[in-house]
Amino acid sequence: MKNFYITTTLPYVNAEPHVGFAMEFIRADVIAREKKIEGYDVFFNTGTDEHGTKIQRSAEALGVSTKEYVDKASEKFKDLLSLLGISSNTHFIRTTDTKHVKAAQEFWKICDKNGFIYNKDYTTKYCVGCELEKTTSDLVDGKCPIHPSLTIEEIKEENYFFKFSEFQKPLLALYEENPTLVTPSFRFNEIKSFVKSGLEDFSISRLKSKMPWGVPVPGDDAHVMYVWFDALVSYISTLNWPDDKDSFDRWWIKTGGVVQYCGKDNLRQQSAMWQAMLMAARLPNSKQIVINGFITGEGGIKMSKTLGNTINPIDVVKEYGTDALRYFVLREISPFEDSPFTMEMFKEAYNANLANGLGNLVSRVMKMAETNDISVEQTEMVDVKKYAALYDSYEINKVCDDIWARIQSADKYIQEHEPFKTIKSKDKVGKDKGVLQIQFLLAEVAHIGILLAPILPETSEKIAKAIKDNKISEPLFMRK
RNA sequence: GUCGGUGUAGUUUAAUGGCAAAACAGAGCACUCAUAAGGCUCAGACAAUGGUCCGAUUCCAUUCACCGACACCA
């Protein structure tokens, strides 16, 4: 059995589930389903990232315990998954799971043992006005933009550091050896030039006294790990690394590593830091990192609550259905570039391609079949493979383009041959011709249904059922 | 500021050193199996200026506009 391992980024539970995460999840799900159809055994991972300052603060603000807060938040993401039409055997890792905490600690220990972790004084910038630590990029002319009159204080504390600087050459070598590690290529170029420009060691711990909500650093009670050091380890802790050697061997070693879907804000963490961390632990690197663009509001403006241009995936699914949302983020949102998502665009695409296009074609063909009692045998699942190359380059939109071209051809065929007339012929020759025409159309609809299996699973099943029952009880997509 | 990228119809995208393709939206025609759907026809674009070339939307340069990276934001 061939194996395949794909994961989404674990969303940070501090924010509400947004449409960008829904998109990432749906896309990874499509790839997972397609691989399954191709005959692979698939490990599909997602989960929630639950440590760190922001979460602790959010919990405090609500007056609930941190644990209570993350339990609830994690549940919300889980709920979203089922709303998105995700295959049932998804692995869901929480960074607060015991097995993950243990794995993160073990990972730390190995990196430490291999000499890539050290202790040093670290200076943070602190704004008294905000009562927060600031990063260099937060500051404007060395001042806090919110409190420009106050002086930024420098606080010294002891931190653990990861020797990222030692990985410049190994990373560049990795990129050289593996020219498809990061896709699309312009993102790969970005990370290459970042690594080329030189790497600094980075801090991977926080003082527990200031921020207790994290994975304890092994052998040092005073520190917890900085969130993403533990979060990235989730890609292997979900495989039960290090305890279950067989599982790790099966899903990580033999597959050539994981395919990681992520947003462009995660480029560095996933394609440089995590790869360096794996090297530090002497583990094989990831197989591929797929970088999505951002979903924006109208005119490419960033989505924000204050602007009121956010899209809630749950609302969209409630009104239009799971497959409608899947369709839109797969075909109408660019696979790699930033793309706008507005309800106007969504509705237009829905009516044009799902209601008038796919839905209407199925209705008209099924009606002819039912009225004249003409049926076809179910076709095999083989054909999806013809898109393997497009799926392998994550161009799901092009797969859709091809399927929709087929839908249009079928519509044209009906117009040209008018089987609804031919079938009413009085003579046998004409009538037989009509039967053949309708059978052809039925086969075509069945075929389209099969091709849609990874993309619109619910719709694909409905089409299969319609072909089997030789009738359709209700339209696939009502016009809105 | 440095580096990288992008600029094509109202919108979202495609292709190409030799007639710029499609979808949605718009206008019209004929049809009726279908979700007032679908088909056909029409209208509509290469950011600007130079250069190389027989010929440039494509290659080069400049300008303008937009975007991204330039590290501790999951």
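Trainee: How do you know that the span of helix α3 (residues 66-83) agrees with what its 18 residues should give?
Mentor: The expected span of a helix is 1.5 Å times one less than its number of residues. For the 18 residues of α3 that should be 26 Å, and the end C-alpha atoms are 26 Å apart, so the two agree. Helices here are DSSP runs of H or I with at least four residues, strands are runs of E with at least two, and both are numbered from the N terminus. Before we go on, this is a predicted model: local features need pLDDT of at least 70, side-chain atom pairs count only at pLDDT 80 or more, and totals for chains, interfaces and linings use all residues. Residues are numbered from 1 along each chain as its sequence is written, while chains are lettered from A and ligands numbered from 1 in the order in which they are written.

Trainee: What makes the buried residues of α3 line one face of the helix?
Mentor: In α3, Tyr69, Val70, Ala73, Ser74, Phe77 and Leu80 are buried. Seen down the helix axis, these buried residues fall within an arc of 120°, so they line one face of α3; the arc is that of the directions from the axis to the C-beta atoms. On the other side, Lys67, Glu68, Glu75, Asp79 and Ser82 are exposed.

Trainee: Which elements do the buried residues of α3 pack against?
Mentor: They pack against α1, β2 (40-48), α2 (53-62), β3 (90-94) and α10 (313-320). Contact here is between two residues whose C-beta atoms, placed from the backbone, lie within 7 Å.

Trainee: Why is Leu283 called partly exposed?
Mentor: Leu283 has 18 other C-beta atoms within 10 Å, so partly exposed is the label for Leu283. Leu283 is found in the loop between α9 (267-280) and β12 (288-292), and Arg282 lies in that loop too. Arg282 has a positive phi of about 60° although it is not a glycine. Tyr394, in the loop between α13 (388-392) and α14 (396-417), also has a positive phi, near 60°.

Trainee: How do you know that the peptide bond from Thr183 to Pro184 is cis?
Mentor: Its omega is near 0°. The bond from Trp241 to Pro242 is cis as well, again with omega near 0°.

Trainee: What makes up the largest nonpolar core?
Mentor: A nonpolar core is a set of buried Ala, Val, Leu, Ile, Met, Phe, Trp, Tyr and Cys residues joined through C-beta atoms within 7 Å. The largest has 130 residues, and those with the most contacts inside it are Ile6, Ala22, Met225, Met277, Val362 and Val445. This core draws at least three residues from each of domain 1 (2-115 + 168-197 + 227-292) and domain 2 (343-469), with bounds from an automatic or database domain assignment. Leaving aside neighbours within four places in sequence, Val445 is in contact with Leu361, Val362, Val365, Ile463 and Ile467.

Technical notes. Buried ≥ 20, exposed ≤ 12 C-beta atoms within 10 Å, placed from the backbone.
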